[in-house]
Amino acid sequence: MRTLSIESNGRLDKTAVYINAEQVGKIKELYLNLDENGTFDAILTYENKNGTISTKQLFTDYLDDLIIVEPMFSEEEAMDMQLLTIESSGDIEETHILMNNEDLDGIMSLMIHLKIDTIRNNGVFGFFKKNDSLGTTSFKAEIEFRNQDGTTSIEGIF
């Protein structure tokens, strides 16, 4: 089972991605799309240790060439962030979703899309300097819930 955690305040420059509790650097794109009908898309595109771009299935492929970086948030800073955690073997039936370490119930779908087309310097979420070029960026994260009264609601995650 692999664990993906995303810690953020809703801004791309204040977002960190962790895989099995280690912060990953040089991420180009992270796409997650899960729903109650069995859809399970989990794609990670990143620059690996050799400097080449790799695209892999996040929960099922071997990720031995990730660039691991020092955590960017102190414990105090993290208290002001939301923490979404997804534990999965790659099978929707064996997937657990937590928000701030509490199980989420009633999820109909979850969609997260982080994308950075152009990055200078380290390319690590949160390590951007004012003069960095971000190119085309995208940061969308939402969950659709089935409410107890049968209605549905869509909420932003961060």
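Surface patches are made of residues with over 30% relative accessible area and no salt bridge, like charges being joined within 9 Å. In the predicted model examined here, a negative surface patch is formed by E75, E76, E77 and D80. One of these residues, E77, is located in helix α1, which spans residues 75-78. The relative accessible area of E77 is 37%, and E77 is therefore classed as partly exposed.

Aromatic contacts were examined next. A pair of aromatic rings is described by the distance of the centres and the angle of the planes. The count comes to 2 aromatic pairs in the model. F40 and F59 form an edge-to-face pair, with 5.8 Å from centre to centre and 70° between the planes. F40 belongs to strand β5 (residues 40-47), whereas F59 is found in the loop between β6 (53-57) and β7 (67-69); the pair therefore ties together parts that are 19 residues apart in sequence. Both F40 and F59 are buried.

The rings of F139 and F158 have centres 5.9 Å apart and planes at 35°, so this pair is tilted. With a relative accessibility of 24%, F139 counts as partly exposed.

How values were computed. Residues are numbered from 1 along each chain as its sequence is written. This is a predicted model: local features need pLDDT of at least 70, side-chain atom pairs count only at pLDDT 80 or more; totals for chains, interfaces and linings use all residues. Side-chain values use heavy atoms; hydrogens and water are left out. Patches are made of residues with over 30% relative accessible area and no salt bridge: like charges are joined within 9 Å, nonpolar side chains (Val, Leu, Ile, Met, Phe, Trp, Tyr) within 5 Å. Accessible areas come from the Shrake-Rupley method with a 1.4 Å probe; for residues, only the protein chains shown count as cover. A salt bridge is a side-chain nitrogen of Lys or Arg within 4 Å of a carboxyl oxygen of Asp or Glu. Lys and Arg count as positive and Asp and Glu as negative; His and the chain ends are not counted. The place of a charge is taken as NZ of Lys, CZ of Arg, CG of Asp or CD of Glu. Helices (H or I, at least four residues) and strands (E, at least two) are DSSP runs, numbered from the N terminus. Buried means under 20% relative accessible area, exposed over 50%, partly exposed in between (1.4 Å probe, protein chains only). Rings of Phe, Tyr and Trp (its six-membered ring) pair if their centres lie within 6.5 Å; planes under 30 degrees apart count as stacked, over 60 as edge-to-face and the rest as tilted.
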